[in-house]
Amino acid sequence: QVDEVVNGTRLLKPGLDAKYATVLELSWDDPAHAGPPHVSAEFVRVADWPADEALSLQVLKAYSVLDPLRNTELHAVDDRFRPLSSFGARGRVCTMGRLICTLIREALNTDKDTNTNV
C-alpha cells in the first residue's frame, strides 16, 4: 500500500490483487465548495464488504467470452514447469513466466541446425 505525497500530489495505491481498496472522501467546509477540499483516505479489506450483485453480473458477462477457453489446452506443460503457477509474478520468477519465456525463445530460435537466429 502507498499513501504518500510526490511533488505535491497525493498518491494512493491500495496494492494489487484487489485485496484492499481505497475509500476516498472529499469534503468542503463551504457549501459552495469554494477552496480546496479536505481529503481523507483509508485502505479497507475488500473481503469485509459484500459484493455488489449488479456489478458481479456485469463481470460474469464480460468474462463469459472466455468460457470456450476454460478447458482448452493451449500448450502441453513439461514437468520442469510444474507446478504451473503465476502467483507472485510481479515480484519474482514463477513457473508460468519461465514457460512463456521458454516458448518465445524456442519460437525465435527455430533454425537451430544452421546456427542462424531470427
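Helices here are DSSP runs of H or I with at least four residues, and strands are runs of E with at least two, numbered from the N terminus. With that in hand, let's walk through this predicted model.

Read from the N terminus, the order of its elements is β-β-β-β-α-α.

Now for the overall shape. The radius of gyration of the protein is 23 Å, whereas a compact globule of 118 residues would have one near 13 Å. Along the principal axes, the C-alpha atoms fill a box of roughly 75 × 40 × 25 Å. Of the 118 residues, 6% are buried. Among contacts with a separation of 6 or more, 25% are between residues 24 or more positions apart.

Here are some percentages to keep side by side:

| Feature of the protein | Value |
|---|---|
| Buried residues among the 118 residues | 6% |
| Contacts (separation of 6 or more) made by residues 24 or more positions apart | 25% |
| Accessible surface belonging to carbon and sulfur atoms | 56% |

That accessible surface comes to about 10300 Å².

Finally, take a look at the start of the chain. Strand E1 (residues 2-6) and strand E2 (residues 9-13) run antiparallel and are joined by 5 bridges. Within this pair, Asp3 stands opposite Leu12 in E2. The hairpin of E1 and E2 has 2 residues between the strands, and Asn7 takes a positive phi near 50 degrees there.

Conventions. Residues are numbered from 1 along each chain as its sequence is written. This is a predicted model: local features need pLDDT of at least 70, side-chain atom pairs count only at pLDDT 80 or more; totals for chains, interfaces and linings use all residues. Side-chain values use heavy atoms; hydrogens and water are left out. The radius of gyration is taken over C-alpha atoms; the globule rule is 2.2 Å times the number of residues to the power 0.38. Buried means under 20% relative accessible area, exposed over 50%, partly exposed in between (1.4 Å probe, protein chains only). Contact means heavy atoms within 4.5 Å. Accessible areas come from the Shrake-Rupley method with a 1.4 Å probe; for residues, only the protein chains shown count as cover. Two strands pair if DSSP finds at least two bridges between them.
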